[in-house]
Amino acid sequence: MSSSIGTLTDAPSSPHTLNLWADGQKVATLGYEALNDRWSLEYDAAWVAAPGAFPLSPALPFQPSADGHAVGAVKRFIENLLPEGRALDITATTYRVSKSNIYALIRELGTETTGAFRFWRSDEVPPIVAAKPPREVTREELDKRIAERDEIALAVWDGKVRMSIAGVQDKLMVYMDRPLDDGGRLFLVEPPLASTHILKPDPARRVTPHLVVNEHFCMSLARRMKLPVAEVDIYRTPRPVLVVRRFDRVVVQGVEEGVAYAAREPIVQRLHIIDACQAADLPESYKYERNLGSGEHVRNIREGVSFEMLFKRVEQTVNKAVARLTLLRWALFQFLIGNSDAHGKNFSFFVRREGLDPAPWYDLVSVLQYAGIDHELAMAWGDAFSLKEVGAFQIADFAQRCGVDRNLLKREAARLAKLAIEHAPAQALADDYIDDAERAFAVQLRDFVVGQATRLTKLGGEAAKIKAEFL
């Protein structure tokens with residue numbers, strides 16, 4: 001009897017598997033042994049042979065070393081796909097699993113994650129045709145759900161968690177059948193349909209007022225300056241909701257009015273992107289440079305994503321000169337708008353077979369407008385973790401660490417500053433901001449950006465003059 005029990009106790013846990021799919025083709029098999037937390041990834045031979053095929057990330061290549069992929073690389077990649085904060089708590093509670101059970105979470109959320117791949121049960125094949133028409137979300141229902149989100153989380157609709165992308169803020173992924181200004185409607189999605197837009201209402205907490213206006217202003221300013229950025233709009237329920245067009249989705253075919261749904265379904269192609277944490281093969285907890293926090297005994301530990309580490313991703317890109325310039329402009333723009341929370345999951349890359357390409361920018365917010373939250377920089381300029389402490393020496397130190405020519409930095413700083421001074425006043429007057437409070441906040445943003453632009457021009461010029469031996 002005891003011998004039998006011992007045999008059962010000592011038996012290894014059964015391996016679990018999920019298949020990964022992209023555009024109707026099986027890509028790989030994901031294996032997981034729960035007891036020892038062992039993960040594996042085996043690419044499908046037909047996928048590897050396909051001309052347009054690509055790996056999940058640089059850390060998970062088609063041909064790993066003889067020992068296989070790096071220990072923990074598969075888990076780290078998947079962990080970075082999951083939501084954070086309250087959304088993660090809600091997901092775990094809804095599906096009655098531990099927040100640390102990465103496999104169980106991706107099993108539930110993996111049909112609509114960031115990037116190209118769907119995680120699917122190994123005994124099933126993703127549907128080609130939807131079982132029923134997409135579920136419309138009306139303006140009135142969305143407004144009601146935003147008002148009730150303290151009682152019913154915005155991520156949960158019809159008993160299912162509808163947020164499967166990284167981030168802390170309340171979000172909802174939807175399919176939009178046409179542009180908002182053309183009467184676009186919003187729909188929840190089920191496979192094979194994929195979402196095309198992300199909805200982000202103002203947070204319930206009062207410490208960050210007008211966050212929708214804030215992000216819309218910063219994103220729209222970047223677009224006016226001809227910088228690569230995701231498209232945004234403001235949708236009124238009448239509460240303001242930021243609508244972000246997903247750049248990892250492309251509508252191939254749209255719904256036609258008057259045509260039966262089953263006869264003509266929308267088709268959304270999924271493009272593959274990874275964030276800088278995934279590109280660097282780091283877990284989500286390393287998204288800040290001070291990955292252990294800024295306490296007295298750990299503040300000098302800087303193992304997370306820094307500007308230096310971000311710029312090292314240039315070696316993984318297809319066009320290194322373009323990638324380095326894009327990263328420089330991204331860093332300078334964060335300085336202009338005062339985004340202290342620009343961390344390792346706020347920059348992404350498209351994944352090609354040949355390498356990475358920088359993706360459009362997103363999550364651009366002037367965090368320094370809010371006195372009630374911490375303004376420590378996610379990535380330091382040199383050794384400065386406060387924007388107020390950034391001087392010419394810190395700018396020059398940044399350039400040296402990141403392999404950026406300081407004369408190039410000077411020119412780009414002056415050029416972006418000039419564009420910001422030109423376009424920020426026009427953006428503050430945009431018709432998107434409809435009442436006195438929103439317009440006043442937009443003016444506040446304008447004044448801040450103009451002041452930062454003047455400062456950046458000065459610091460860039462001074463940084464170029466510092467002798468290399470002083471750095």
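Me: What kind of model is it, and how are the residues numbered?
Reply: This is a predicted model, where local features need pLDDT of at least 70, side-chain atom pairs count only at pLDDT 80 or more, and totals for chains, interfaces and linings use all residues. Residues are numbered from 1 along each chain as its sequence is written, and side-chain values use heavy atoms, with hydrogens and water left out.

Me: Ok, the six-stranded sheet. What's the strand order?
Reply: The order is β5-β9-β8-β10-β12-β11, in an open sheet with antiparallel pairing. Strands here are DSSP runs of E, at least two residues, and helices are runs of H or I, at least four residues, numbered from the N terminus. Two strands pair if DSSP finds at least two bridges between them.

Me: Which strands sit at the edges?
Reply: β5 (135-137) and β11 (232-236), each pairing on one side only. From one strand to the next, the twist averages 45°. Such angles run from 0 to 180 degrees between N-to-C directions, with axes as lines fitted to C-alpha atoms, for helices over the stretch in contact.

Me: How many bridges join β8 to β10?
Reply: Three, between residues 172-176 of β8 and residues 197-201 of β10, and the two strands run antiparallel. L172 has L199 as its bridge partner in β10.

Me: And which helix lies across β10, β11 and β12?
Reply: That's α7 (residues 211-224), running at about 155° to β11. The helix has 14 residues and reaches 20 Å from its first C-alpha to its last, close to the 20 Å expected at 1.5 Å a residue; the expected span is 1.5 Å times one less than the number of residues.

Me: Is α7 mostly covered or mostly open?
Reply: Mostly covered, with 12 of its 14 residues buried. Buried means under 20% relative accessible area, exposed is over 50%, and partly exposed is in between (1.4 Å probe, protein chains only). The cover includes β10, β11, β12, α10, α12 (406-428) and α13 (436-465). Just after the helix, K226 takes a positive phi of about 65°.

Me: Switching to cysteines. How many disulfides are there?
Reply: Zero, taking a disulfide as a pair of cysteine sulfur atoms within 2.5 Å. For C402, the nearest cysteine sulfur is that of C277, 16 Å away.

Me: So is C402 buried or exposed?
Reply: C402 counts as buried because its relative accessibility is 8%. C218, one of the buried residues in α7, has a relative accessible area of 1%.

Me: Now the three-stranded sheet. What's the order there?
Reply: β15-β16-β17, an open sheet with antiparallel pairing. β15 (273-275) and β17 (356-358) each have a single partner strand, so one side of each is left without a neighbour in the sheet. Neighbouring strands are turned by 35° against each other on average, direction ignored.

Me: Which residue is the bridge partner of D275?
Reply: S348, in β16. β15 and β16 (residues 348-351) pair over three bridges.

Me: Last one: where does T317 lie?
Reply: In the loop between α9 (307-312) and α10 (320-337). T317 counts as buried because its relative accessibility is 3%.

Me: What does T317 touch?
Reply: A323, F349 and L356, not counting residues up to four places away in sequence; touching means heavy atoms within 4.5 Å. A polar atom of the T317 side chain also lies 2.6 Å from the backbone oxygen of V314.

Terms used:
A polar contact is a pair of N or O atoms within 3.5 Å; within protein, one must be able to donate a hydrogen and the other to accept it, and residues adjacent in sequence count only if both atoms are side-chain atoms.
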